[in-house]
Amino acid sequence: MTEAKKLYVKTFGCQMNVYDSERMAETLGAQGYEQVDTAEAADMILFNTCHIREKAAEKMYSDLGRLKPLHDAKPDLKIAVAGCVAQAEGEEILRRQPMVDLVVGPQTYHRLPTMMQAVDRGERVLDTDFPEEDKFVHLPQDRRPMRGPTAFLTVQEGCDKFCSFCVVPYTRGAEVSRPAERLLREARDLVTRGVREITLLGQNVNAYHGAGLDRGEWGLARLVREMARIDGLDRIRYTTSHPNDMEDDLIAAHGDCEKLMPYLHLPVQSGSDTILKAMNRKHTAESYIRLIERIRAARPDLVLSGDFIVGFPGETEADFQATLDLVAEVGYGAAYSFKYSARPGTPAAERAIVDADVADERLQRLQSLITAQQRATQEGMIGRVVNVLFEKPGRKEGQLSGKSEYLHAVHCDGPEALLGQIAPVEIIATQSNSLTGRLTAQP
Ligand code: SAH
Ligand code: SF4
Ligand code: F3S
């Protein structure tokens with residue numbers, strides 16, 4: 001038997017890329033590639049890349065450059081670039097980096113087997129089509145017998161929203177929803193392999209409108225409710241949502257679907273209506289706040305998170321203040337804030353940018369407000385009993401680590417037999433990004 005070829009995958013960007021990386025590793029697995037943990041051990045290196053901000057794309061190029069000594073030492077080493085930088089820059093990557101053998105976009109990686117044949121013949125391959133066929137139909141089944149207790153499941157891809165700063169509609173293409181039947185099958189299959197929690201993914205996941213089991217079209221709420229009927233699946237999450245697609249039945253599901261976890265990532269980007277309009281967000285700060293009130297009425301203990309962009313072209317101090325006001329009013333359990341990064345090809349990239357020092361200073365002010373809120377949310381957990389799904393051994397001997405229903409990382413002492421199980425934990429302390437607790441009942 002010939003020895004398996006070794007594949008090293010490095011993933012940048014969002015959870016959809018994490019999901020895609022797993023699917024690509026499986027596709028290449030069927031071609032005789034076995035995954036390894038270091039680039040040094042690999043016969044093939046695959047970077048699954050992100051184009052969302054300039055820094056993300058540049059990081060990919062610098063990481064690629066760092067492979068030079070490895071490539072020099074092993075001229076047969078194959079290097080592939082996938083994902084959103086591949087889609088956005090295509091040919092440019094082959095030009096800028098002669099070591100690269102293969103550039104594959106997020107919608108064509110099911111064709112990797114044929115592409116690899118060409119690469120093995122010594123060709124350099126570029127495939128960044130948006131094909132008619134559904135890549136998911138052509139992907140091999142995940143055949144690994146065991147995996148951790150949590151999994152991602154892409155239910156929707158692409159985006160039709162065209163926020164004026166964002167590359168996603170260009171790198172991922174138009175919104176496409178996968179049929180419910182396949183998703184339920186994939187979910188059941190994950191559960192038989194030990195998964196207890198599934199996060200449904202989409203660039204615009206709550207815009208999901210896939211073919212239902214009854215020939216009608218299902219929205220995300222219906223899909224969540226059907227998934228909730230799967231025995232052995234205990235937790236469902238979904239991300240990322242757009243405020244305008246938060247429909248009544250989905251809000252209601254937060255109130256009456258026990259398996260739907262009380263954590264919601266609902267980006268608003270800015271608290272200023274002028275900036276929201278310039279961003280083409282099609283909602284106002286007020287409509288967002290009213291929406292949050294309705295969701296919290298359905299699920300009062302919901303922990304909210306969001307994304308913010310500071311220094312968007314034209315943002316004044318008053319606009320920025322409106323963002324701080326919105327954050328103060330909403331109260332986030334976690335939030336991510338980014339300095340605006342002009343992305344080639346997007347409408348906002350044509351506009352005059354805010355002075356970099358001003359933008360940096362605003363980012364710091366926003367981040368300290370968010371950090372304070374995050375800390376307050378965490379401290380509010382002290383003394384409470386949360387349910388933790390234990391995912392892996394903790395850093396310290398005898399410790400386990402997992403996630404609460406509110407997506408807080410929780411550590412506590414406990415037996416390894418609890419890995420993959422959910423158990424009640426009383427929170428006794430907080431660290432900057434995690435909580436410490438103790439098991440309330442020994443199993
Ligand atoms: N589909 C999601 C998230 C897309 S990308 C949504 O609609 O919210 C994740 C986050 O990156 C965005 O929410 C936004 O805050 C940030 N982002 C996107 N483009 C950006 C840009 N050009 N500059 C800075 N941040 C950006
Ligand atoms: Fe980008 Fe806006 Fe679509 Fe989110 S909704 S992916 S920010 S265009
Ligand atoms: Fe990045 Fe593409 Fe995701 S640009 S955030 S990897 S959709």
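Modeller: Buried means under 20% relative accessible area, exposed means over 50%, and partly exposed is in between. Keep in mind that this is a predicted model.

Colleague: Then where does phenylalanine 162 fall, buried, partly exposed or exposed?

Modeller: Phenylalanine 162 is partly exposed, because its relative accessible area is 38%. Phenylalanine 162 sits in the loop between strand E8 (156–157) and helix H8 (168–171). Its phi is positive, about 50 degrees, although it is not a glycine.

Colleague: Which ligand has Phe162 around it?

Modeller: Ligand 2. Its surroundings are Cys159, Lys161, Phe162, Cys163, Phe165, Cys166, Val168, Pro169, His242 and Arg281. By class, that shell splits into 7 nonpolar, 1 polar and 2 charged residues.

Colleague: What about asparagine 280, what is its phi?

Modeller: Asparagine 280 has a positive phi of about 60 degrees, and it is not a glycine. The loop between helix H12 (273–278) and helix H13 (285–298) holds asparagine 280. With a relative accessible area of 27%, asparagine 280 is partly exposed.

Colleague: Switching to ligand 1. Which residues come nearest?

Modeller: Arg53, Gln203, Gln269, Asp307 and Ser341, out of 15 residues around ligand 1.

Colleague: What are the distances to the ligand's oxygen atoms?

Modeller: A polar side-chain atom of arginine 53 is 3.0 Å from an oxygen atom of ligand 1. For glutamine 269, a polar side-chain atom lies 2.7 Å from an oxygen atom of ligand 1. Aspartate 307 has a side-chain N or O atom 2.7 Å from an oxygen atom of ligand 1.

Colleague: And how much of ligand 1 does the protein cover?

Modeller: 89% of the 530 Å² of accessible area that ligand 1 has on its own.

Colleague: What is the shell made of?

Modeller: The shell around ligand 1 has 6 nonpolar, 4 polar and 5 charged residues. Strand E15 (303–310) and strand E16 (334–339) each supply at least two residues of that shell.

Colleague: Where is ligand 1 relative to the domains?

Modeller: Domain 2 (141–261) and domain 3 (274–379) both give residues to its shell, so ligand 1 lies between them.

Colleague: Which other domains are assigned?

Modeller: Domain 1 (5–127) and domain 4 (385–439). The C-alpha centres of domain 2 and domain 4 are 26 Å apart. Their contact takes 8 residues from domain 2 and 12 residues from domain 4.

Colleague: On to ligand 3. Which residues are around it?

Modeller: Cys14, Asn17, Thr49, Cys50, His51, Ile52, Cys84, Arg172 and Gln203. That shell has 4 nonpolar, 4 polar and 1 charged residues.

Colleague: Now methionine 24, is it buried or exposed?

Modeller: Methionine 24 counts as buried, because its relative accessibility is 1%. Methionine 24 belongs to helix H1 (residues 15–29). Beyond its neighbours within four places in sequence, methionine 24 is in contact with Leu46, Asn48, Ala82, Tyr109 and Leu112.

Colleague: Last thing. Which residues does the cis peptide bond join?

Modeller: Threonine 239 and threonine 240, with omega about 0 degrees. Threonine 240 is in the loop between strand E13 (235–239) and helix H11 (248–256).

Notes. Residues numbered from 1 in each chain as written. Chains lettered and ligands numbered in written order. Predicted model: local features only at pLDDT ≥ 70, side-chain atom pairs only at ≥ 80, totals over all residues. Heavy atoms only, no water. Near = heavy atom within 4 Å. Polar contact = N/O pair within 3.5 Å; in protein donor to acceptor, adjacent residues only side chain to side chain. Areas by Shrake-Rupley, 256 points an atom, 1.4 Å probe, with all protein chains shown as cover. Helix = DSSP H or I, 4+ residues; strand = E, 2+ residues; numbered from the N terminus. Nonpolar A, V, L, I, M, F, W, Y, C, P; charged D, E, K, R; others polar. Domains from an automatic or database assignment. Buried < 20%, exposed > 50% of the residue type's maximum accessible area, 1.4 Å probe, protein only. Contact = heavy atoms within 4.5 Å.
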